[in-house]
Amino acid sequence: MSFTRRATMTVVLSCLLLAGCKSASLGGSSPSGTTSAPGAASGAKGAGRAIAVGAGPQKKYTVQQQPAAGSCHYRYEKGEPLEDPACTPGAVSPAVTQANLASTICRKGGYTSGVRPSTYVTGKEKKLNAASYGFTGSMRDAEYDHLISLQLGGDPNDYRNLWVEPTDPGHKKGSGVNNLKDPVETKLHTAVCSGKVTLAAAQQAIVTDWTTALTRLGLS
């Protein structure tokens with residue numbers, strides 16, 4: 001083999017090795033590269049973030065500390081009030097799972113009344129949370145709402161799952177609580193208990209945007 005041919009082969013092999021090293025350093029087939037890609041794909045499909053797990057039902061509830069006064073801000077979708085996801089991201093109860101629906105939220109005779117905190121506790125929390133959101137409207141008309149409702153396995157008294165929900169557009173002042181979010185929750189509960197959607201899907205749809213939850217799950 002001539003000197004010129006040997007030199008040429010050496011240069012080619014060196015280039016191939018360098019290209020391989022450069023490719024590896026860019027993360028083309030590294031573990032970090034493969035883990036980030038599925039995460040991005042699932043986010044694009046609306047899989048959403050993980051929802052926090054609260055303490056669940058308690059024999060005795062205590063008043064929970066709320067976010068700092070003025071630190072939370074309402075959002076609005078076509079005039080409908082939505083929570084601040086930084087203050088109220090939602091929290092689920094560990095006592096309710098897909099496997100035990102028949103003995104919890106879907107059981108005959110009801111579930112929510114047995115796990116709901118007393119008004120003594122929630123009344124104090126509501127005033128504190130109103131300050132968190134800078135709410136100055138009628139407390140009689142505003143609902144201290146579980147973002148993920150109890151009938152959807154929301155945590156009963158985790159501050160991350162409770163917010164002072166203002167009235168809907170056109171609500172008559174002084175007429176009490178009457179929010180359009182409530183029938184959405186009921187429809188989702190029916191769909192979960194009938195097996196049309198999973199518990200996790202219903203919970204995720206609510207924390208994403210309650211005004212689009214039914215459409216997102218094909219229930220509207």
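Predicted model: local features only at pLDDT ≥ 70, side-chain atom pairs only at ≥ 80, totals over all residues.
Local features need pLDDT of at least 70 and side-chain atom pairs count only at pLDDT 80 or more, whereas totals for chains, interfaces and linings use all residues. Residues are numbered from 1 along each chain as its sequence is written, and side-chain values use heavy atoms, with hydrogens and water left out.

A search of the whole structure finds two disulfides, each defined as a pair of cysteine sulfur atoms within 2.5 Å. With the bonded cysteines numbered in sequence order, the pairing is 1-2, 3-4.

| Disulfide | S to S | Angle about the S-S bond |
|---|---|---|
| Cys72 to Cys87 | 2.1 Å | -100° |
| Cys106 to Cys193 | 2.0 Å | -90° |

The link of Cys72 and Cys87 is left-handed, and it joins distant parts of the chain, with Cys72 in the loop between β1 (52–53) and β2 (75–77) and Cys87 in the loop between β3 (80–82) and β4 (91–92), 15 residues apart. Strands here are DSSP runs of E with at least two residues, helices runs of H or I with at least four, numbered from the N terminus. Both Cys72 and Cys87 are buried, that is, under 20% relative accessible area with a 1.4 Å probe and protein chains only, where exposed means over 50% and partly exposed lies in between.

The link of Cys106 and Cys193 is left-handed. Cys106 lies in the loop between β4 and α3 and Cys193 in helix α4, so this pair ties together parts 87 residues apart in sequence. Cys106 is partly exposed, at 23% relative accessible area, and Cys193 is partly exposed, at 33%.
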